[in-house]
Amino acid sequence: MEKQRVLSSQLLVKNRVFEVALDGDLLSWRELVRRTRISGGVRDALRAGSRSVAVSEIIAVRETEPDSCLKEDGRWQKMAQTHPCAFTVSYVERGSQHCWRCVDVTFQCPDGALCQRWVQAIKEQLSLLTSRPKRLLVYINPYGGKRQGKRIYEQKVAPLFARASISTEVIVTERANHARDHLNTEADLRRYSGVVCVGGDGMFSEVIHGLLARTQRDAGVDQNCAEESLVPCTLRVGIIPAGSTDCICYATVGINDPITSALHIIVGDSQPMDVCSIHHNNTFLRYSVSLLGYGFYGDVLADSESKQWMGPARYDISGVKTFLTHNYYEGTVSFLPAQSSLGSPRDKTRCSAGCYVCLHSGQLHSQDRRACEGDEDVSGREDDGAGGWQVLRGKFLAINSASMSCACPRSPKGLSPAAHLADGTADLILVRKCSRLNFLRHLLRHTSKDDQFDLDFVEVHRVRRFRFTPRHCESELDLKEHGKTLFGHICRDHPACGCTALNSSWNCDGEILQQAAIDVGVHCQLIRLFARGIEEPVITEDMRGLNAV
């Protein structure tokens, strides 16, 4: 069906005549060049270059004053007099490396009535975009990263929200878990279109813990029951990166840039995301959305806790120390393979905007809410696969679960390059005991183009649920009761003595879990972000046409 043209006029842009058209979901302007025929007649010809913007990526439109810039010969002054009215359109322009910017173009009209018609027509089209937020609850962590969260929001983000006519309620957090507790108990969530956190991954974790706890309580769901099917949160979450690590933002937008993230929020993007629930002895511990790491990554985080004064550099120092220590841990890993999932961890299919794998998984999940459940006594279901649970025992340098690629500027591919944001699975990566040199080879492949799973001591499984039990104890209670008498000789801080630490800690999205024995379930598309996934680069003539306009 042919698009219905809403409005079309010849308007001025910087002393040049353009054919401007609004075709419902597209605003386009194409330059006209006046040429004289031999017979003396004059006709208008369209120049090849043009620019078009989807209405969904227009930020705002407003009446403005005409451009006061004059040509030396007075010609522009004459045009300005014949076009005394103007309106400005603010829209999204894509840059390199997934960067977005808000740019303005001003159109001059010959009379006020036509100018008002254009402004009204564009506003009417914008009003049809129901996915855009109207009111946001904003939490700012003033202490995260380089303590720039408040400044970043006030100088870069707040002006964009104001231009887009988005009202906000801003809360500057005063303590750890302030945002979590406020969302869980006090916030009137019915008043908002979404929640925005200004900070790093820790701040984002606070927000989703508060939102999900509130959602489950309101729905009568017991979070302590690992078998429960959790209720998705209806409010979308936006992330303005301002922390030491911004892994979630990088994986869902493609860049850690506050302006880009703010523009994704304004246009109302929606990206579903899986969430892992972590239990220990039928007690809920935490949610995870990116990395669960036992062994190497758990030890790095635990060691870095005493070096917070060093800032982000502490992770490098602790990483080197942990690598040299080379601790391994014995235990049993049992997991429920995702037999019905499209793709595999090694198929090199990257999750991107409009991902078919995530879309297909979301459709299956909406048809069958049991897609994320698993039980050792149940077999034959599609999710369980033919063999049900699988069990592996051994000595591990690292046990990692990635719910997304976990890509970051230092590791553009991430821990699991083919992991998907919203397919209801996690990639379970097991690194068995090996030499330091081989383990270094594995770590270096995170920053190279080589297949990081193509090593005989590394295996990866796409799972819907998994459990880990350390060899030396069935529960943390046993460890506390017998640890001093049975393992008093163990020296955690002096590897030269030949001792090996009994248990590691779990690194849960940058937070330490002391319990080693855990039960992890993946919940398909439990939350939604103001994001759209990583966009594939598209180069068109329209985008290159008139950058100078």
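Q: Which residues of α7 are buried?
A: In this predicted model, the buried ones in α7 are Pro258, Ile259, Thr260, Ser261, Ala262, Leu263, His264, Ile265 and Ile266. Buried means under 20% relative accessible area with a 1.4 Å probe, protein chains only. Helices are DSSP runs of H or I, at least four residues, and strands are runs of E, at least two, numbered from the N terminus.

Q: Why is α7 largely enclosed?
A: Because nine of the nine residues of α7 (258-266) are buried, the rest of the structure largely encloses it.

Q: What follows α7?
A: Gly268, with a positive phi near 80°.

Q: Switching topic: how many residues are in the largest nonpolar core?
A: It has 65 residues, and Tyr139, Leu183 and Phe204 are among those with the most contacts inside it. Such a core is a set of buried Ala, Val, Leu, Ile, Met, Phe, Trp, Tyr and Cys residues joined through side-chain atoms within 4.5 Å.

Q: Which helix gives the most to this core?
A: Helix α5 (residues 201-219), with six residues.

Q: And what does Leu211 touch?
A: Leaving out residues up to four places away in sequence, Leu211 touches Leu183, Leu189, Val195, Cys233, Leu235 and Val237. A contact is heavy atoms within 4.5 Å.

Q: What's the mean pLDDT of the chain?
A: It's 84, and 82% of the residues reach 70 or more. pLDDT is the predictor's confidence in each residue, from 0 to 100. Local features here need at least 70, side-chain atom pairs count only at 80 or more, and totals for chains, interfaces and linings use all residues. Residues are numbered from 1 along each chain as its sequence is written, and side-chain values use heavy atoms, without hydrogens or water.

Technical notes. Buried < 20%, exposed > 50% of the residue type's maximum accessible area, 1.4 Å probe, protein only.
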